[in-house]
Amino acid sequence: MDAQPTSTPTTARNATGSRMPNPLKLVPEMGAVAGALFKAVGNGSVPQTTIDLVQLRAGQIVGNTYLTVMHTNSLRNAGQSEERITAVASWQDAPYFTGAETAALALVEAVLQPAADGERVPDELYARIAGHYDDKALATLAIAIGQVNFFIPIALIGKPLPGVKPSEQWT
């Protein structure tokens, strides 16, 4: 059975809001899921800076300006240098990241991009990640990638305005 529309869809973005109504108001159950993800990712086993680097890279990979701006701003607010933030797009040859950070960036790329040879997270990459993160931190990184992936469809479909707080833009 097709879902019946409960409101008139917005066909284009305007200067003051996203393209769709506030998803949290439409599906209030989303709040509990989002809150649980934030709590899980914020368990302290992985530095918040690393989480933001990974989630910034995810936003770049899927080509979403809203997520890219949000995580860039988070990194700036945490005192990260412009060089580090800018270099996330080309992290493979950038001198600004620790071994643990580059392993985390490699992991998010492996998960979000098709692999030329089949397996997205090969044993070699897993071993590299495990060399920097214990089991809890590795699980937390996986959840952090899942967390940003939870919001990617909303960001791509709803087109929230970059740099605008959700409370100020959802129609």
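These legends describe close-up views of a predicted model.

The model is predicted, so local features need pLDDT of at least 70 and side-chain atom pairs count only at pLDDT 80 or more, while totals for chains, interfaces and linings use all residues. Residues are numbered from 1 along each chain as its sequence is written, and side-chain values use heavy atoms, with hydrogens and water left out.

**View 1. Helix 6 is mostly covered.** Helices are DSSP runs of H or I with at least four residues, numbered from the N terminus. Helix 6 covers residues 99-112. Its 14 residues should span 20 Å at 1.5 Å a residue, and the end C-alpha atoms are 20 Å apart, which agrees. The expected span is 1.5 Å times one less than the number of residues. Twelve of the 14 residues are buried (under 20% relative accessible area, with a 1.4 Å probe and protein chains only). Among them are Ala-100, Leu-105, Val-108 and Leu-112. The buried residues pack against helix 3 (48-62), helix 5 (82-87), helix 7 (123-130) and helix 8 (135-158).

**View 2. Helix 4 packs on helix 8.** Helix 4 spans residues 65-77. It has 13 residues and reaches 18 Å from its first C-alpha to its last, close to the 18 Å expected. The two helices pack at an angle of about 130°, with their axes 9 Å apart. Tyr-66, Leu-67 and His-71 in helix 4 meet Val-148, Ile-152 and Ala-155 in helix 8; contact means heavy atoms within 4.5 Å. The residues of this contact divide into five nonpolar, one polar and no charged.

**View 3. Several helices cover the buried residues of helix 4.** These buried residues are Tyr-66, Leu-67, Thr-68, His-71, Thr-72 and Leu-75. Their cover includes helix 3, helix 5, helix 8 and helix 9 (166-169).

**View 4. Phe-38, Phe-150 and Phe-151 form one aromatic cluster.** Rings pair if their centres lie within 6.5 Å. The count comes to two aromatic pairs. Phe-38 lies in helix 2 (residues 30-41) and Phe-151 in helix 8, 113 residues apart. Phe-150 and Phe-151 form an edge-to-face pair, 5.0 Å centre to centre with 90° between the planes (over 60 degrees). Phe-38 counts as exposed at 52% relative accessibility (over 50%). Phe-150 is partly exposed at 27% (between 20% and 50%).

Methods. Phe/Tyr/Trp six-rings, centres within 6.5 Å; stacked < 30°, edge-to-face > 60°. Axes fitted to C-alpha atoms, helices over the stretch in contact; angles between N-to-C directions. Nonpolar A, V, L, I, M, F, W, Y, C, P; charged D, E, K, R; others polar.
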